[in-house]
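Okay, everyone, thanks for coming. Have a look at the model on the screen, and I'll talk you through it.

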There are 2 protein chains.
Amino acid sequence: MKIHILTIVGVGLIGGSIGLAAKKRGVCQRVRGVGRNKTSLERAHSLGAIDEAFLELEPAMAGADLAVFCTPVDQIAGQVLTAAKACQGHGTLLTDAGSTKSAIVAAVHGQLPDGVQFVGSHPLAGSEKRGPEHADARLFENRLTVVTPTPHTDLAALERTRSFWQALGSRVRVMDPEEHDRALALTSHLPHLLASALAGILPEELRELTASGFRDTTRIASGDPPLWNAILAHNRAAILEALASLTRRLDRFRYCLENGDWTSLDSLLTQAKKVRDALGN
Amino acid sequence: MKIHILTIVGVGLIGGSIGLAAKKRGVCQRVRGVGRNKTSLERAHSLGAIDEAFLELEPAMAGADLAVFCTPVDQIAGQVLTAAKACQGHGTLLTDAGSTKSAIVAAVHGQLPDGVQFVGSHPLAGSEKRGPEHADARLFENRLTVVTPTPHTDLAALERTRSFWQALGSRVRVMDPEEHDRALALTSHLPHLLASALAGILPEELRELTASGFRDTTRIASGDPPLWNAILAHNRAAILEALASLTRRLDRFRYCLENGDWTSLDSLLTQAKKVRDALGN
């Protein structure tokens, strides 16, 4: 696919990595970065993640072939609609990198002017770190990006979105937005909540007594609170379901400990090890 | 302190690392390794972690100045008592590397022949990996080892134990066994249980949808089930307390999600981030 101008809205770890990967792989000719923070944009520019920096969204959309929104999930839909107005008629494809999909896709649905398409995306990459200084041109290599069309999505737009992420090195899986959100509630949002809960109950005097196990288990609790607040709020229903499932499993562990049922405890530990071993490192 | 012969019982990741560190740092003149698995002992020998391999405990104790038990926690006390009989009169110091302390210390208390001392230890190092092939001479550097005397512990034996771990590169903190177990219930045993619970509820079809967050949070679920079964069984009371505290914290997260209390959710996330950030990588 041909992309002359790629606009990245929100040039942090993910947006910056998209810029670096797109340039390294010749996916587009020119990368525009949009952000509110001038220093951060300048950093992205000096790192080679973007060619041009914009503090305003509309001018960055003029003539753009593809725009990716890498902002917090509670800002994406509004920005998509604003951007859509600024680029109507050009055939611009809009997509995003948000960790939730249903609310965003629903808010955009039916609101776009002719000649503008939006297809939701979520690259399963990133970390608890923030900012373009942590961007990595290889972030998407061998990772999965979920693309979430609806029954109303234009098929050509879906294919272009898929090709874009593949061009950055990612594998692509197509799911509907609700299925994505239920899955990610379990694989990403619940882990964040658990990590936060565990880190949150550690008293200061026990910090010295943590080792790599505690640190691994709680690492993602270092994620940005407003970003995560927005994700948890967007996907609350599915997260509450995932939390209920986890609570039931914890109850089984508690039962084993309270009743000295070491056979069942061994089964729980063995089954979990099998799952975890299958995931690799 | 002078150690001519160091005997390591259980030459896996921890035992192998003790051997490598002791030899690299000139802590002793000769390292004996005791294990049930001949292949594993040969591997430890060829890696330079031990000088001599023993399939039986008693002969490996003859003339040993210090013996460290790096076996599963439910085997340590029995082995310590067996070993003690084999080395009485020599002034041998016995210590261990078990993840629980109260049950071990209690089982050994009052059972040792004259001239043999036991002081419980727990180096906060290791990983979900097993076997001498994962041993590392630097495993204890800048890590903490908890040494757990009782009011009956000989002070000279306590000092020798402390010096031994320091000689391997570790910092040492002295705690009583119960205090150690309460602390580790929260910093190590509960995280294992949580990681297992989370890995355990992941359906196979969602494995592809996990990224580094899920993998970090569940990494320790790959630990050996029998090893962890023994640890959880030894420390069940303290772990149940830690689990109750975690459950109360999860209830607060659930309340926030159910009631849309984003302000309280932000406070929970922010407090957890502060704790996690303070731990470093």
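Let's start with A:His122, which counts as buried because its relative accessibility is 5%; buried here means under 20% relative accessible area, exposed means over 50%, and partly exposed is what falls in between, with a 1.4 Å probe and protein chains only. Before I go on, the ground rules: this is a predicted model, where local features need pLDDT of at least 70, side-chain atom pairs count only at pLDDT 80 or more, and totals for chains, interfaces and linings use all residues. Residues are numbered from 1 along each chain as its sequence is written, chains are lettered from A and ligands numbered from 1 in the order in which they are written, and side-chain values use heavy atoms, with hydrogens and water left out.

So where does A:His122 sit? In strand β6 of chain A, residues 117-123. Helices and strands are DSSP runs numbered from the N terminus (helices are H or I with at least four residues, strands are E with at least two). Six of the seven residues in β6(A) are buried, and the strand is mostly covered. And what does A:His122 touch? Leaving out residues up to four places away in sequence, its contacts include A:Asp96, A:Ser99, A:Lys101, A:Thr145 and A:His180, where contact means heavy atoms within 4.5 Å.

Now the neighbours of that strand. On pairing: two strands pair if DSSP finds at least two bridges between them. β5 of chain A, residues 93-96, pairs with β6(A) in the parallel sense over three bridges, and A:Leu93 has A:Gln117 as its bridge partner in β6(A). To get from β5(A) to β6(A), the chain goes through helix α5, residues 102-108 of chain A, in a right-handed β-α-β crossover. Right-handed means that, with the strands pointing away from you, the path from the first strand over the helix to the second runs clockwise. β7 of chain A, residues 144-148, runs antiparallel to β6(A), with four bridges joining them; A:Gly120 is bridged to A:Thr148 in β7(A).

Zooming out, chain A has an open sheet of eight strands, ordered β3-β2-β1-β4-β5-β6-β7-β8, with mixed pairing. β3 (52-54) and β8 (171-174) of chain A are the edge strands, each pairing on one side only. From one strand to the next, the twist averages 25°. Helix α1 of chain A, residues 13-24, packs on this sheet, touching β1, β2 and β4 (66-69) of chain A, and its direction makes about 165° with that of β1(A). For the angles, axes are lines fitted to C-alpha atoms, for helices over the stretch in contact, and values run from 0 to 180 degrees between N-to-C directions.

Over in chain B, β2 (residues 30-34) runs parallel to β3(B), with three bridges joining them, and B:Val34 stands opposite B:Phe54 in β3(B).

Last thing, the two copies. Chain A goes onto chain B with an RMSD of 0.0 Å, by a turn of 180° and a shift of 0.0 Å along the axis, superposed by least squares on the C-alpha atoms of residues with pLDDT of at least 70 in both. That's how a two-fold axis relates them. In chain A, the C-alpha nearest the axis belongs to A:Thr217, 1.9 Å away from it. And 100% of the interface residues of chain A are interface residues in chain B too, so the copies meet through the same surface.
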